[in-house]
Each structure stands twice: as C-alpha cells, then as structure tokens.
Amino acid sequence: RETPPSSNARTAVDTHDQMEIKPDYPDYEQWMAVRRFNRELKRQIEQGFAQAGLDTAARMRQLLVEQGCDGGGDCRGLVLIVDDEEDLAAAVEVLIRRRGFRTYKVHDGLAGVAAAQQLLPDLVLLDYELPELDGLQVLERLRADPSTADLPVLLSSAARVALAEARRADGFLQKPFPEALLHEMIDRVLRGRGVRP
C-alpha cells in the first residue's frame, strides 16, 4: 500500500533479525553476514522512502526543534549512542539532545569502541546486540583500555539479558523504554559515576 507524502505515518523498515546469536555459536559468521545484508537493504529501502517524499522515522529529527547544546543552552556533556537500529538510534538521539547533551552515533561494535576511545564521552548508551562486536564484547574492550575503563556505560536491549551480564554495565534499559525512564537511567548512571547529571 502506498502512503502519500502528506501522511503523518512514520515509515521505517524492521529487519526482525534481533536473535541472540553469540560468537561461540557454529553459524555466528553466517548470521552476521545476514544482518549486514539486512542493514544495507534496510538503508536502501528507507532511502527510497525518503526520495519518494514519505514521512519516514529518520525525518523525525529534522522535524523537531532541537534544544540544549545546539540551541545555545547549557551543554551537559557528550553521549555516544551505539545501536545498529538506525531509526531507533535517531529517535533516542533526539530525546537525549533535547535534554541538553551532545550526541554521536555509530552502528556497530567496532565503531563503538573506536568512537569511545577517540571521543571519551561522558556516557555510552550501548545496544546489547550489534554487528562486528556485541555489546558485552564492546564493554570488555572499553574496560580493558585504561583510557576508557571508567566511562559510564548504559546497556540496552530488546532481548533477554542475564542479570550477571547486565550488571557488567553501569545500568540496563529493556527496550522499548519510555522517555522518562531513559532520562532517569542516564541521570542515575552519571550520578553513580560522579558525573554532574
């Protein structure tokens, strides 16, 4: 069904490939190849939506008036968002920026480690299921590097996460989460790490 450009619908593609496949599984590499293919196909489809003038989820950021750092207000710090669901990451980015933070987004685990090492953000919002390195592998690398060992990390996931794994981060958010809980958890993690919330 075609949606006219004037529609208020938010159009996005869900690849439904968020299964919990760990690196020690026999078909891990094949599954990562499928996810990379799906991510590229999703990008192409959503680019087609945008070119057709559909009101996509990615346009939400353009439609909102951002405040905080970009609006001349007091900047509360930098949040690194590591999430392979690009439309969801963009939506979360808007919410975080409206609370006065600068943001930087990346969409796979390796890029997350590199960005954290280069930017030294005030907080890392880290998805559990990522291509290249999963969230726990990213967390291990950050904790092993003296320059990033003390970065506050808020882990998030739509999948089931064992309590022991969730406790390796400074906090955990179960997706989908309400906006109020996102802000509450960010403030709690920053206070717990001695950062001004």
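Reader: Which backbone nitrogen does a side-chain oxygen of Asp134 reach at the start of α5?
Author: That of Leu136, to within 3.0 Å. Helices here are DSSP runs of H or I with at least four residues, strands are runs of E with at least two, and both are numbered from the N terminus. This is a predicted model, where local features need pLDDT of at least 70, side-chain atom pairs count only at pLDDT 80 or more, and totals for chains, interfaces and linings use all residues. Residues are numbered from 1 along each chain as its sequence is written, and side-chain values use heavy atoms, with hydrogens and water left out.

Reader: Which residues of α5 are buried?
Author: Gly135, Leu136, Val138, Leu139 and Leu142. Buried means under 20% relative accessible area, exposed over 50%, and partly exposed in between, with a 1.4 Å probe and protein chains only.

Reader: Why are they on the same side of α5?
Author: Because they cover an arc of only 155° around the axis. The arc is taken from the directions from the helix axis to the C-beta atoms.

Reader: And what covers them?
Author: The cover includes α4, β3, β4 and α6 (163-166).

Reader: How many residues are in the largest nonpolar core?
Author: It has 21 residues, and those with the most contacts inside it include Leu80, Val124 and Val138. α5 gives the most to this core, with four residues. A nonpolar core is a set of buried Ala, Val, Leu, Ile, Met, Phe, Trp, Tyr and Cys residues joined through side-chain atoms within 4.5 Å.

Reader: What lies apart from it?
Author: Another core, of 16 residues, with Val79, Phe177, Leu182 and Ile186 among them.

Reader: Changing topic. Where is Thr103, and is it buried or exposed?
Author: Thr103 sits in strand β2 (residues 101-106). Thr103 is buried, at a relative accessible area of 11%.

Reader: Which side chains make a polar contact with the side chain of Thr103?
Author: Glu93 at 2.7 Å, and Arg97 at 2.9 Å. A polar contact is a pair of N or O atoms within 3.5 Å; within protein, one must be able to donate a hydrogen and the other to accept it, and residues adjacent in sequence count only if both atoms are side-chain atoms.

Reader: What else is Thr103 in contact with?
Author: Leaving aside neighbours within four places in sequence, its contacts (heavy atoms within 4.5 Å) include Leu78, Val79, Ile81 and Ile96.

Reader: How many helices and strands in the protein chain?
Author: Seven helices and five strands.
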